[in-house]
Amino acid sequence: MALARRLAWRPAAMTLPRDGSDARKAEFDRIFTEFSAPIYNYVLRMVGDPDRAADVAQDTFIKAYRKLDTLTDASSTRSWLYRIATNTAIDEMRRRRHVVPMGDDEGPMEQADGGPGPETQVLSGLMDERISRALLRLRPNHRQCLILSDVEDMSAVQIGEVMSMSSGAVRVLLCRARGEMRRLLAAEGLVR
Amino acid sequence: MTRGNHVDELISASLTGDLTDAERVELDAHLVRCETCRNTLAAFTSERRILSGLPVAEPPRDLSARVRTGIETGRLVPWWRRPGALIAIGASAATVAAAILAVVVFNNLDLRPVGSQSGSPNPSPSVSPSSSAVVASVAPSVEPAGPTFLGLGELGYLSLTGAPFEPSRLTFINDATGASIDAGTVTGPPIAAALSPNGEWLAYITQKGESAANEVWALHLTDGEVVPLGCSEAASFTDRLAWSPDGTYLAFTLIAIDLGAGSDCPANDGDPGTADAWVYDVGLGERLRLTRSGNAYSAAFQPGIEGATLLVSYAAESPWTVAVPLAADPSDLARIEGVFLPLFSPDGSRAIFWNGTMTLNGGSWHFSLGGMPQLSGDFRSAGPASPWIGTPLFSDLVPVGGEAFASGNFTWGRDNDHLAFWDGAWTGAPQSADGTYPSQTDVYVGNMSGGLLSSASALALVRPSDAYLVAVAFAADAGAVAVTLGLPSAGVGDPPSSSLQVAPLDGGSPRAVGGGAEAPPWNGPAVYGY
């Protein structure tokens with residue numbers, strides 16, 4: 001699903017540091033222009049908070065620029081970039097498990113599985129509250145493969161490239177994620 | 001796998017075209033005769049339709065600028081800048097008095113000394129271009145971008161001038177060249193200063209009028225920009241200004257204080273009386289409160305490792321310290337028991353730290369039993385003993401009945417050998433025949449190779465008997481120390497005055513800095529270019 005095409009706003013082209021070659025700059029500029037919106041939306045659904053998503057997206061593209069030399073096949077740009085974004089988002093969620101505001105004795109600590117906590121409240125302004133609540137209650141790897149499949153429209157093979165799994169393992173994981181999501185959406189009255 | 005699970009997997013895979021022809025035939029045949037599976041297909045299809053129809057959010061309009069900045073500076077978003085990312089270690093404000101009820105959220109409690117961990121200090125023996133032979137083991141990770149205000153070995157000092165009952169003007173002066181930078185007006189004298197390793201910034205603390213509060217500032221030595229960083233209760237252990245080795249971050253401690261409207265204090269949402277570690281990111285121009293425990297103190301950045309790692313100390317009956325990486329995953333925070341406010345030698349091979357039992361008294365933390373500065377072991381040693389098992393800095397002091405130092409200050413020479421201790425508040429009986437040792441008004445200077453500190457380490461200074469110690473800094477070659485001595489006020493409203501002296505360690509006479517007939521009333525603290 002080409003998310004960027006559904007946006008009225010187009011990200012501005014970047015002016016990169018002088019130390020890169022023209023070809024490197026052009027390649028990264030192309031990647032950023034094409035993927036900044038999809039990556040932002042992907043990590044937004046992963047971490048559930050616009051500010052955190054912006055940080056993760058920012059880190060994703062900085063890492064991508066640093067690792068641009070490892071992208072040897074332009075046709076795999078998408079899975080390569082989503083893999084970076086996925087790892088960055090997972091790192092962010094992992095950190096989130098370990099850091100909470102100090103001295104906040106009244107609120108419970110965020111659940112170890114990354115949701116729902118305050119994320120739900122934030123996402124509610126961007127998507128249906130019930131869907132967001134269900135999505136954020138999923139385990140992170142379930143959430144991840146479900147987003148890659150149903151939002152990003154990736155095949156099992158493509159998801160496997162992003163998640164470093166075999167397509168067979170993705171199929172199993174995806175089935176479990178769908179079953180869990182079905183249960184959560186049913187609890188929200190959205191599916192039977 | 002059960003039959004039901006297998007069919008569910010086929011149903012799931014069918015939605016994304018991931019079935020083989022044989023699987024498609026198998027699934028179609030099964031769906032004809034299984035209502036449950038048809039319901040599953042309908043539910044999965046609905047769920048997929050719901051997710052694919054999620055609204056699309058626009059990325060932040062500054063995303064490209066942020067990425068560009070990150071690429072140019074080579075920095076990712078530090079975890080502590082992220083929403084909610086305040087480290088959750090230590091006691092909450094409500095439980096500080098009850099001491100060590102820690103809200104431990106890291107799941108891998110690592111009690112190894114910081115120095116023995118992966119990425120621990122491994123000082124480079126190389127000589128940086130800006131270092132002389134005497135600081136050969138110092139290897140700054142970032143070189144100054146251009147000429148700095150203070151050259152190698154040059155002394156700079158803050159100077160305060162003003163008439164009674166008027167705001168005072170603060171100036172930073174290069175003693176070698178006479179050049180000066182205006183730091184604006186302040187309401188009290190400077191009491192601490194620290195030059196960033198790249199020579200671009202001077203951090204300093206000034207007293208805030210008669211309010212019993214201090215203010216923390218950063219002065220950009222290139223363009224004269226003055227950045228107010230916060231107000232703090234004036235209390236022990238809050239005058240540590242810690243720069244990261246690359247000069248990117250300044251860490252400091254603020255004890256929240258409510259000075260009312262018009263105080264000009266930058267925002268601090270901490271409850272009054274709570275101590276927390278703060279960080280100023282000079283590249284982004286942002287200051288952030290790093291902790292919310294109410295008992296946390298910024299100690300020092302760890303030299304010699306990649307990335308900025310700040311040691312934060314927690315005051316409690318049994319204090320402890322954690323090493324917090326500012327730009328990496330902070331999940332594996334090492335808790336170093338019994339160590340408070342460590343200060344690393346420039347090469348990171350050793351540290352001086354406090355050890356003892358602390359008490360919250362009069363709203364601020366002090367050592368109540370056995371408080372003693374300690375010298376760590378060598379972090380480069382591969383031996384089994386923890387480097388954090390220290391040696392008392394004073395070889396001839398014997399705490400009797402637990403009475404020892406309540407507080408004090410220490411610093412390192414850049415030769416990684418010399419060290420100094422001053423303003424030590426000794427709570428026990430004097431331990432010299434004349435009753436003057438240890439003295440809060442003496443500076444004790446020694447070195448590791450010479451057996452640390454003793455009564456013979458007291459520095460000879462020229463001073464009135466009622467002068468008090470403000471700050472001490474080693475010269476770049478560790479051959480002298482610059483001592484700022486506060487002088488008693490001459491009367492209500494009189495500007496504060498001080499004496500800044502450079503005392504050679506070879507026994508020579510101290511030299512007054514900023515003296516002369518028109519001497520400003522307050523000179524110091526001093527720093528040296530390195």
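A covered strand and its partners

Reply: Strand β24 of chain B, residues 480-487, is mostly covered, with 7 of its 8 residues buried. Keep in mind that the model is predicted. In a regular strand the side chains alternate between the two faces of the sheet.

Strand β23 of chain B, residues 468-474, runs antiparallel to β24(B), and 6 bridges join the two. One pair to find on screen is B:Leu469, which stands opposite B:Leu485 in β24(B). The two strands make a hairpin, with 5 residues between β23(B) and β24(B). In that turn, B:Ala478 has a positive phi of about 60 degrees.

Now the other partner. β24(B) is joined by 8 bridges to strand β25 of chain B, residues 497-504, and this pair is antiparallel too. Here B:Val483 has B:Gln501 of β25(B) as its bridge partner.

Compare this with two open sheets in chain B. In one, 4 strands follow the order β4-β5-β6-β7, and the pairing is antiparallel. The edges are β4 (190-195) and β7 (226-233), each with a single partner strand, so one side of each has no neighbour in the sheet. From one strand to the next, the twist averages 20 degrees. Inside this sheet, β5 (residues 201-208) pairs with β6 (residues 213-220) of chain B over 8 bridges, in the antiparallel sense. Look for B:Leu202, which stands opposite B:Leu219 of β6(B).

The other open sheet also has 4 strands, in the order β12-β13-β14-β15 of chain B, with antiparallel pairing. Its edge strands are β12 (296-301) and β15 (335-337), and each pairs on one side only. Neighbouring strands here are turned by 25 degrees against each other on average, ignoring direction. Within the sheet, β13 (residues 309-314) and β14 (residues 320-325) of chain B share 6 bridges and are antiparallel. B:Leu310 has B:Val324 in β14(B) as its bridge partner.

Helices bury residues as well. In helix α4 of chain B, residues 63-73, the buried residues are B:Leu63, B:Ser64, B:Val67, B:Gly70 and B:Ile71. Viewed down the axis of α4(B), they fall within an arc of 125 degrees, so they line one face of the helix. What covers them includes two helices from the other chain: α1 (22-47) and α2 (50-66) of chain A.

Follow α1(A) for a moment. A kink of about 55 degrees lies at A:Phe35, shortly before the proline A:Pro38. After α1(A) comes A:Gly48, with a positive phi near 85 degrees.

Last, a single side chain. B:Ser14 sits in helix α1 of chain B, residues 3-14. Is B:Ser14 buried or exposed? Its relative accessible area is 15%, so B:Ser14 counts as buried, the cut-off being under 20%. A polar atom of the B:Ser14 side chain lies 2.5 Å from the backbone oxygen of B:Ile11. Which residues does B:Ser14 touch beyond its neighbours within four places in sequence? They are B:Leu19, B:Arg24, B:Leu27 and B:Leu41.

Back to the strand we began with. β24(B) has antiparallel partners in β23(B) and in β25(B), and 7 of its 8 residues are buried.

Key: Residues are numbered from 1 along each chain as its sequence is written. Chains are lettered from A and ligands numbered from 1 in the order in which they are written. This is a predicted model: local features need pLDDT of at least 70, side-chain atom pairs count only at pLDDT 80 or more; totals for chains, interfaces and linings use all residues. Side-chain values use heavy atoms; hydrogens and water are left out. Two strands pair if DSSP finds at least two bridges between them. Axes are lines fitted to C-alpha atoms, for helices over the stretch in contact, and angles run from 0 to 180 degrees between N-to-C directions. Buried means under 20% relative accessible area, exposed over 50%, partly exposed in between (1.4 Å probe, protein chains only). The arc is that of the directions from the helix axis to the C-beta atoms. Contact means heavy atoms within 4.5 Å. The bend at a residue is the angle between axes fitted to the seven residues ending there and the seven starting there. A polar contact is a pair of N or O atoms within 3.5 Å; within protein, one must be able to donate a hydrogen and the other to accept it, and residues adjacent in sequence count only if both atoms are side-chain atoms.
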